[in-house]
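Please open the model in a viewer and keep the sequence alongside. The stops below are meant to be selected in order.

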Amino acid sequence: MRSSRVFHAVDSHTEGMPTRVITGGVGVIPGATMSDRRRHFIDHLDHIRLFLMNEPRGHAAMSGAILQPPTRPDADYGILFIETSGCLPMCGHGTIGVATVLVETGMVEVTEPVTTLRLDTPAGLVVARVRVEGGAAKSVTLRNVPSFVLGLDRTVRVPLWGEIPYDLAFGGNFYAILPLDRLGIPFERAEKQRIMDAGLAVMAAVNAQARPVHPADPGINGCHHVYLAAPGSDARHSRHAMVIHPGMFDRSPCGTGTSARMAQLHARGELALHTDFDNESFIGTHFTGRLVEQGTLAVPGAPDPPGGLTTVTPTIEGRAWITGTAQYHYDPEDPFPEGFVL
């Protein structure tokens with residue numbers, strides 16, 4: 001073979017959404033924290049993401065995770081999340097995929113009925129409790145990073161749609177949340193192109209007019225996800241289409257999106273702590289969420305209280321399946337070393 005570099009991967013899907021778990025070939029990314037490593041990767045190593053996520057090795061809705069040694073002593077592994085949209089601070093479906101891969105490949109010591117993994121992500125420490133039967137990962141429950149609402153009842157001017165109301169919440173990434181019927185589009189897969197166009201228009205308008213910035217970590221900024229809730233959605237069962245930059249739907253119910261949605265519902269007084277929340281994806285798969293704790297996010301330079309934001313800590317339960325293993329080879333003569341987008 002003429003390859004000058006090889007990446008080792010275990011492919012999986014979480015409730016329909018892929019996670020290509022990169023187990024070797026990248027090396028240790030420089031940085032004192034996973035957030036630092038994310039920044040270094042974006043600035044110097046993004047060609048690896050493009051190579052692995054874009055066609056012809058990936059596809060328009062590809063998502064992945066790069067395993068790293070942890071940067072903190074209380075974690076088992078570090079994770080860097082990659083997808084066609086970029087390098088994310090946190091990815092819920094990706095973490096469920098990683099936890100499943102770690103257990104089912106024997107990369108961690110497995111105990112039954114529950115194997116607990118502590119995972120170092122750019123957004124913070126995430127704890128995954130993997131339910132194991134006969135060595136197989138049956139489900140994963142994540143304790144995600146604290147989530148919060150940055151604004152309720154905001155409006156944004158969207159070309160072709162006018163003034164659109166939305167809520168803005170953080171669940172590991174920022175989400176604009178609004179009812180799909182406000183855009184006059186039915187919640188039907190046959191309308192997927194209109195839903196996609198509308199979601200991307202809302203996303204662009206939010207970023208142009210009121211780009212969100214994480215109060216405690218300015219490196220986390222921008223809205224790259226729009227949660228379009230189907231008619232009849234409430235705090236017990238919510239259906240949605242999740243539009244993701246630069247133009248794909250989340251096939252899974254979206255872990256960080258479930259977290260943001262629960263934070264929004266809690267802020268509106270509709271979802272109490274310790275109450276199950278069923279979040280359903282555009283393809284009909286489900287995550288079960290629950291808010292287990294309330295806290296405060298300290299904002300640097302602001303008095304505390306009242307300078308901190310109220311947070312809620314979510315858990316999300318979902319399932320993943322290993323779909324294959326692969327080695328991806330880089331040939332210096334390949335005309336698409338960073339893939340392509342059609």
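The tour passes from strands to a helix and then to a cavity.

This is a predicted model, in which local features need pLDDT of at least 70 and side-chain atom pairs count only at pLDDT 80 or more, while totals for chains, interfaces and linings use all residues. Residues are numbered from 1 along each chain as its sequence is written, and side-chain values use heavy atoms, without hydrogens and water.

**Strands.** Select β6, residues 114–121. Strands here are DSSP runs of E of at least two residues, and helices are runs of H or I of at least four, numbered from the N terminus; two strands pair if DSSP finds at least two bridges between them. β6 runs parallel to β4 (residues 77–83), joined by 2 bridges, and G78 stands opposite D120.

**Helix.** Next, select α4, residues 192–210. Its buried residues (under 20% relative accessible area, 1.4 Å probe, protein chains only) include I195, M196, V202 and N207. Among the elements covering them are β9 (148–158) and β12 (223–229), with contact meaning heavy atoms within 4.5 Å.

Finally, select L88, C91, H225, D250 and C254, the closest to the centre of the largest cavity among its 15 lining residues. A cavity is a set of points on a 1 Å grid over the protein atoms alone where a 1.4 Å probe fits but cannot get out; lining residues have an atom within 4 Å of a point. α3 (92–104) and α5 (255–267) each give two or more residues to this lining.

Conventions: The expected span of a helix is 1.5 Å times one less than its number of residues. Buried means under 20% relative accessible area, exposed over 50%, partly exposed in between (1.4 Å probe, protein chains only). On a 1 Å grid over the protein atoms alone, a cavity is a set of points where a 1.4 Å probe fits but cannot get out, and a pocket is an open set with protein on both sides within 12 Å along at least five of seven lines; lining residues have an atom within 4 Å of a point.
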